Amino acid sequence: MIPASCYNYPSGYFKKSAAALETAINTAPAYRSWKVLDPGSGSSGTDSDAIDLRYAAMPELTKQIIRENFPSGLVPDYRDIEKGLKTGEIEYTFTSGTTGDRVVNIWNQQWWDAAEASSWKLNSALACLEYPQKEAKLASSLNVGISCEEDLPMESRITGNKLYLNEKISILQWQERHFQRMAAELDFFKPVILETNPSLLARLAFWAMDRGVKMYSPAVIVFTYEFISEIHRKAIRRVFSSPLVSSFGTTETGFVLQECEEGFLHQNIDFCRIDFYPLKEKFGGPGLGRMLVTTFGNPWNTVIRFDTGDLVRLHNNGICKCGRSQGLIAEAVEGRVTNCTFTADGKLVTTMDADRALSQIEGLRDYHLEQKSQSAFELQIMIDVNCGGGKSGTAKSEKITDEALHVLQLLYGPGGGYNIKVMENILPGPAGKFRRTQCDFEYNIKDLFYES
């Protein structure tokens with residue numbers, strides 16, 4: 001583990017770290033067995049090294065542990081769940097995911113809003129706004145909002161100051177009328193914030209580009225829910241003049257990292273602790289690794305050392321031109337650990353590595369890369385039928401396919417088997433989010449990391 005002392009933290013951060021751990025091991029049932037592992041149990045000290053040692057001695061919180069101990073496992077024993085549900089202080093919420101990833105969590109909206117408001121301070125475009133703001137959301141209804149097979153009128157998709165632009169569970173349900181409706185509603189509703197799955201907003205951006213439609217640009221566009229492809233970021237920039245801000249977090253941990261105006265991700269230190277564990281050097285460490293996140297101040301949910309499942313690349317020197325110097329600073333979230341692929345000689349390729357290479361192909365609009373075996377790959381691609389000047393559609397497809405093959409050979413090795421398919425559409429995953437890369441053969445994820 002890279003110790004917290006390597007970064008710049010205020011003293012209050014370690015007080016919150018100590019308080020979160022004490023609350024968990026002394027009051028939350030799921031952590032009872034952890035107390036005997038704590039080298040500083042009962043200590044009120046807030047020395048950074050001592051706190052780091054205490055956290056390093058603790059196990060990881062996994063989704064399986066949360067499921068096995070629901071509903072009371074992470075709730076302090078002095079809280080009454082039934083009373084909290086009746087008063088509306090809490091509710092149950094499902095995370096979007098596959099069967100193995102889905103979790104039911106205790107949700108406290110007041111804490112969530114406070115964490116989001118705190119994260120806004122980490123970006124100048126958001127920091128100048130009062131929280132909350134008039135907001136539109138564009139996401140799969142599996143992730144957020146209202147789900148309906150029928151088309152709902154706009155007034156049925158407005159809750160408070162939020163407009164949900166999409167009620168469909170899949171992008172494949174979008175017809176021309178839905179694109180027209182989203183464009184018209186953005187112009188009419190005029191949200192200050194547009195929070196979105198980047199892949200969905202990119203589809204709207206491509207639609208606008210193809211038809212020459214001018215889109216309303218909100219004060220800020222916030223990307224969340226999924227990894228953003230550089231292909232999609234470029235398309236969105238062409239259509240919208242808004243500042244683009246990436247927000248990283250999970251349903252379990254709230255708002256963990258926020259992108260600043262310089263393009264780096266800053267830790268939301270008032271609401272979470274991060275313990276960083278690097279990959280082994282041969283797999284891309286020590287600057288690339290995973291995060292175990294502990295939440296601060298949630299009165300209903302004690303989340304200690306939760307593995308978010310994502311790979312984060314640390315900033316090379318921890319100093320950002322934006323002037324914010326406290327907490328962990330990351331260059332990027334490079335995708336989920338489970339979505340890594342591997343070269344012929346066993347080197348790890350993150351989703352961002354693959355995306356960086358594929359995004360250089362002009363005319364590529366979307367893709368899904370699946371590694372079938374150590375040497376066999378299947379790449380599904382969507383292309384821009386308008387690119388390539390006077391070339392026929394077939395010629396365009398062949399040109400882009402040839403370029404994609406060359407990219408894959410450079411990335412994974414010339415000896416691999418590469419099957420490239422041009423698709424009319426690419427399906428999102430079962431959670432409504434797009435999985436850019438995946439590896440189908442089994443490997444032990446723990447073998448990639450130094451011991452935590």
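## Helix α8 and its packing partners

Glu176, Phe179, Gln180, Met182, Ala183 and Leu186 in α7 meet Arg203, Leu204, Trp207 and Arg211 in α8; contact means heavy atoms within 4.5 Å. By residue class, this contact of α7 with α8 holds six nonpolar, one polar and three charged. Ala, Val, Leu, Ile, Met, Phe, Trp, Tyr, Cys and Pro count as nonpolar, Asp, Glu, Lys and Arg as charged, and the others, Gly among them, as polar.

This is a predicted model: local features need pLDDT of at least 70, side-chain atom pairs count only at pLDDT 80 or more, and totals for chains, interfaces and linings use all residues. Residues are numbered from 1 along each chain as its sequence is written, and side-chain values use heavy atoms, with hydrogens and water left out.

Helices (H or I, at least four residues) are DSSP runs, numbered from the N terminus. The two axis pairs are set out here.

| Helix pair | Axes come within | Crossing angle |
|---|---|---|
| α7 (residues 176–189) and α8 | 11 Å | roughly 95° |
| α8 (residues 198–211) and α9 (residues 230–239) | 8 Å | roughly 50° |

Axes are lines fitted to C-alpha atoms over the stretch in contact, and angles run from 0 to 180 degrees between N-to-C directions. α7 is therefore roughly perpendicular to α8, and α8 is oblique to α9. Angles under 35 degrees count as roughly parallel, over 145 as roughly antiparallel, 65 to 115 as roughly perpendicular and the rest as oblique.

On the α9 side, Pro198, Ser199, Leu201, Ala202, Ala205, Phe206, Ala208 and Met209 of α8 meet Ile231, His232, Ala235, Ile236, Arg238 and Val239 of α9. The residues of this contact split into 11 nonpolar, two polar and one charged.

Next comes the core. The largest nonpolar core has 52 residues, and Leu138, Leu201, Leu204, Met215, Ile236 and Leu379 touch the most other members. α8 gives the most to this core, with eight residues. A nonpolar core is a set of buried Ala, Val, Leu, Ile, Met, Phe, Trp, Tyr and Cys residues joined through side-chain atoms within 4.5 Å. Buried means under 20% relative accessible area, exposed over 50%, partly exposed in between (1.4 Å probe, protein chains only). Beyond its neighbours within four places in sequence, Met215 contacts Ala183, Leu186, Leu204, Trp207, Ala208, Val239 and Phe240. A second, separate core of 39 residues includes Phe14, Ala28, Leu61 and Phe276.

Lys399 lies in helix α11 (residues 393–412). Lys399 is partly exposed, at 37% relative accessible area.

Note on methods
Helix = DSSP H or I, 4+ residues; strand = E, 2+ residues; numbered from the N terminus.
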